[in-house]
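Good morning, colleagues. Please look at the sequence and the structure on the screen, and I shall then take the two chains in turn.

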Amino acid sequence: MSAKSHSLVMLSRDFKHVARNPTSVFNAVLMPVIMLFMFVYVLGDAFSVGVDYIDYATPGMMLLAVCYGLGGTAVSVNSDMTKGIINRFKVMDVPRHAVLTGKVVASVLTNLIAIAALVGVAFLLGFSPSASALDWLGVIGLVLLLGFATAWLTVALGLAAKSPETAAFAAVPLIMLPFFSSAIVPADKMGPGIKQFAQYQPFTPIIETLRGFLNGTPDTGDALTALAWCLGIALVGFLWASATFTKRA
Amino acid sequence: MTSSAIEVSGLRKAFKDKVVLDGIDLEVPAGTVYSLLGPNGAGKTTTVNVLTTLAQADAGTVRVAGYDVATDAKAVRAAIGVTGQFAAVDELLTGQENLQLMVDLSRSATDPGIVTELLERFELIESAQKPASTYSGGMRRKLDLAMTLVGTPRIIFLDEPTTGLDPRSRRTMWAIIRDLVADGVTVFLTTQYLEEADQLADRIAVLDQGRLVAQGTAEELKRQIPGTHVRLRFTSVDELDAAARLFTDASRDDDALALRVPSDGGTKSLRNVLDRLDEYSLSAEEFSVHTPDLDDVFLALTGHTTEVGAR
């Protein structure tokens with residue numbers, strides 16, 4: 001049997017997992033929507049960011065939506081590893097890339113569903129982006145790339161963790177990181193220390209790039225930094241995941 | 001291909017500075033059941049992992065189905081089936097979907113009816129459309145083994161196939177394993193239970209702290225360990241002394257005021273012991289029959305109990 005059909009078999013298994021696991025769908029799809037409501041309705045008026053808060057917050061929430069989906073990916077990868085399912089695949093000579101890519105694609109698919117739901121709700125709340133069709137393509141491209149990069153890193157975390165619980169815990173920093181970026185409020189409104197961290201951490205240029213696209217004023221410098229971070233994270237995640245997959249039995 | 005299904009010599013494996021396997025030599029003739037017996041931490045799973053290409057040995061040679069696991073891993077994998085220590089079933093898929101997944105991934109499963117056939121053979125037809133998360137421990141194990149059989153492997157590795165199962169499920173599993181052997185399949189089995197090895201295996205190897213401390217048939221091993229005995233506990237040293245004079249082949253434990261009298265555990269020999277006590281107006285405070293278990297094997301072969309072995 002060819003490697004391609006192995007990949008398809010794994011992919012269809014991973015899609016079934018997404019569809020049949022209500023908890024992970026709740027975390028991935030509903031949580032970001034709830035967060036959007038909370039920040040825009042409950043807290044939004046307290047922040048002065050110079051523009052309508054919904055317009056400011058939505059790009060940040062898109063990134064949050066990507067990150068919230070990662071907990072489920074980490075747990076799913078780890079339970080395959082610790083329950084011996086990956087060992088079973090290995091003995092059946094299912095190639096590494098088929099097993100791992102299935103997880104990554106399912107994770108990115110979850111991201112897309114979550115972001116579609118989030119953006120839909122944002123529009124209902126008065127989100128009014130001034131992005132052109134080309135800018136929207138940029139948004140979708142960057143979201144896909146971010147989802148892809150963080151999924152590889154999360155797959156690696158999931159493979160390396162001792163148990164599903166520690167795998168979920170290992171993904172927490174990725175879920176928390178958006179709060180210490182310009183997702184919710186601009187970095188220069190934060191206290192010293194946190195401010196510098198927020199300015200230089202990877203998610204800030206990614207959010208600023210999304211914001212730029214959605215405002216119709218993309219910034220090439222931010223976009224290049226965002227691109228570099230995504231490719232870097234993807235590469236680290238891919239190499240770490242591949243090595244752990246081969247080594248751990 | 002030789003008539004040996006599995007040949008291992010000088011196998012060593014360490015994790016960092018902890019030696020897990022310290023020179024293992026074994027040979028399993030095709031069509032037989034070989035059981036690796038040992039407590040937790042003895043190195044059973046590591047041995048299975050090396051033999052099934054999941055882990056690499058630090059030293060030694062391992063040939064499975066005539067192929068070297070280090071240089072010809074693909075050929076080894078094509079010949080074997082592995083059921084790991086935990087039931088590796090996909091809980092979100094149904095029993096049927098789990099089996100179908102194996103068929104879709106298998107290189108050798110060509111029979112379109114194999115899924116139904118296996119569901120029937122393992123009495124899982126009724127639950128075939130239910131997710132595996134709803135299965136009992138015994139059903140999961142059966143599904144797990146059924147999944148291993150999809151590619152009709154000739155050599156099967158079973159890592160503690162009955163750990164955590166209730167006695168009835170354990171017996172069902174034994175029957176299934178016997179059926180496999182009747183079909184000519186070679187089985188490499190690890191277990192913590194002497195009884196299991198005794199029931200199933202043609203040859204048993206006792207693994208302790210990474211070394212094989214004994215190998216042989218169940219009969220050969222049992223000859224090396226203390227047999228079934230009756231344990232009598234008395235209330236005073238005088239009584240113990242008197243009883244020890246009656247049973248000259250017994251061994252005494254002065255601290256516990258106890259006497260171990262060899263016996264085959266049958267009613268006749270038990271009555272004999274009781275009658276003799278009665279005859280001399282002796283009565284034991286406590287009377288119990290001991291059959292050898294893994295602890296006895298370990299004590300006899302290694303000089304320490306399984307508790308120590310597990311360290």
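The expected span of a helix is 1.5 Å times one less than its number of residues. With that in mind, and noting that this is a predicted model, let us begin with helix H6 of chain A, residues 96-124. H6(A) has 29 residues, and 43 Å separate its first C-alpha from its last, close to the 42 Å expected. Just after H6(A), Gly126(A) adopts a positive phi of about 105 degrees.

How many helices and strands does chain A contain? Its secondary structure comes to 12 helices and 0 strands. A compact globule of 249 residues would have a radius of gyration near 18 Å, and chain A, at 18 Å, agrees with this. Along the principal axes, the C-alpha atoms of chain A fill a box of roughly 60 × 35 × 30 Å. Of the 249 residues in chain A, 49% are buried. Among contacts in chain A with a separation of 6 or more, 81% come from residues 24 or more positions apart.

I turn now to chain B. Here we find an open sheet of 6 strands with mixed pairing, in the order E6-E7-E8-E3-E9-E10. Its edge strands are E6 (80-83) and E10 (211-216) of chain B, each of which pairs on one side only. From one strand to the next, the twist averages 15 degrees.

Strands E9(B), residues 203-208, and E10(B) run antiparallel and are joined by 5 bridges. Opposite Leu207(B) stands Leu212(B), in E10(B). Finally, helix H5 of chain B, residues 137-148, lies across E6(B) and E7(B), and runs at about 165 degrees to E6(B).

Terms used. Residues numbered from 1 in each chain as written. Chains lettered and ligands numbered in written order. Predicted model: local features only at pLDDT ≥ 70, side-chain atom pairs only at ≥ 80, totals over all residues. Helix = DSSP H or I, 4+ residues; strand = E, 2+ residues; numbered from the N terminus. Pairing = 2+ DSSP bridges. Axes fitted to C-alpha atoms, helices over the stretch in contact; angles between N-to-C directions. Contact = placed C-beta atoms within 7 Å. Rg over C-alpha atoms; globule rule 2.2 N^0.38 Å. Buried ≥ 20, exposed ≤ 12 C-beta atoms within 10 Å, placed from the backbone.
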